[in-house]
Amino acid sequence: MSLARSLFHRALCTAVDTRTQKLERIAEDLIALNKIERHDYVILFRHKMGLNRFGAAAQSPSSPGSSAPAAAAKEKTAFDVKLEKFEASAKLKVIKEIRSFTDLGLKEAKDLVEKTPAVVKKGVTKEEAEKIVAKLKEIGATVVLE
């Protein structure tokens, strides 16, 4: 009886150790992400879990034919600000401006600007997005709302 218990205990400990190692690897990978990647990950994770910004996603029953008109009537409320291009002489100004409305550090902002075209701010209101676009255009950048 003690041999069977010993084997069961050893198998259980190995499974727990494997799960712990897997979770630690996932945690290390998440910690290694920069702020934009973490933001994208959170959105993706919430989507995969069926959650919206405020908790469980509300599923309303609707007929297949009525979904298209409802989507057309719904006005877009969240916008992404995308940096298309900028003047080479304005690169430092663009980096400074991006840092002013994001939580990015100097290196992350520089990397983001260098991989243009890139989304510099996601899910903002139309008013906030228009302010950001105006500031970036003022310093010589080409910006679009998506």
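1. Basis of the model. The structure is a predicted model, in which local features need pLDDT of at least 70 and side-chain atom pairs count only at pLDDT 80 or more, while totals for chains, interfaces and linings use all residues. Residues are numbered from 1 along each chain as its sequence is written, and side-chain values use heavy atoms, with hydrogens and water left out.

2. Confidence. The predictor's confidence in each residue, pLDDT, runs from 0 to 100; its mean for the chain is 75, and 73% of the residues reach 70 or more.

3. Overall layout. The chain holds six helices and five strands, which from the N terminus on run α-α-β-β-α-β-α-α-β-α-β; helices (H or I, at least four residues) and strands (E, at least two) are DSSP runs, numbered from the N terminus. Of the 146 residues, 16% count as buried, where buried means under 20% relative accessible area, exposed over 50%, and partly exposed in between, with a 1.4 Å probe and protein chains only. Among contacts between residues at least 6 apart in sequence, 65% join residues at least 24 apart.

4. The sheet. Three strands form an open antiparallel sheet in the order S4-S3-S5, two strands being paired if DSSP finds at least two bridges between them. The edge strands are S4 (118–124) and S5 (141–145), each of which pairs on one side only, and the twist averages 20° from one strand to the next. Strand S3 (residues 79–86) is joined to S5 by five bridges, and Phe86 has Ala141 in S5 as its bridge partner.

5. Helices on the sheet. Helix H4 (residues 91–101) packs on the sheet and touches S3, S4 and S5, with a direction that makes about 165° with that of S3. Helix H6 (residues 126–138) also packs on the sheet, touching S3, S4 and S5, and its direction makes about 165° with that of S5. For these angles, axes are lines fitted to C-alpha atoms, for helices over the stretch in contact, and angles run from 0 to 180 degrees between N-to-C directions.

6. Thr102 lies in the loop between H4 and helix H5 (106–114), and counts as buried because its relative accessible area is 13%. The side chain of Thr102 reaches the backbone oxygen of Ile98 at 2.7 Å; residues up to four places away in sequence aside, Thr102 touches Val120 and Lys121. Lys121 is found in strand S4, and a polar atom of its side chain lies 2.9 Å from the backbone oxygen of Phe101. The C-alpha atoms of Lys121 and Phe79 are separated by 8.4 Å, although these residues are 42 residues apart along the chain.

7. An aromatic pair. A search of the whole structure finds one aromatic pair: the rings of Tyr41 and Phe45 have their centres 5.9 Å apart and their planes at 25°, so the pair is stacked. Rings of Phe, Tyr and Trp (its six-membered ring) pair if their centres lie within 6.5 Å, and planes under 30 degrees apart count as stacked, over 60 as edge-to-face and the rest as tilted. Tyr41 and Phe45 are separated by about one helical turn, because they are four residues apart in helix H2 (residues 35–49). Tyr41 is partly exposed at 32% relative accessibility, and Phe45 is partly exposed with a relative accessible area of 42%.

How values were computed: Contact = heavy atoms within 4.5 Å. Polar contact = N/O pair within 3.5 Å; in protein donor to acceptor, adjacent residues only side chain to side chain.
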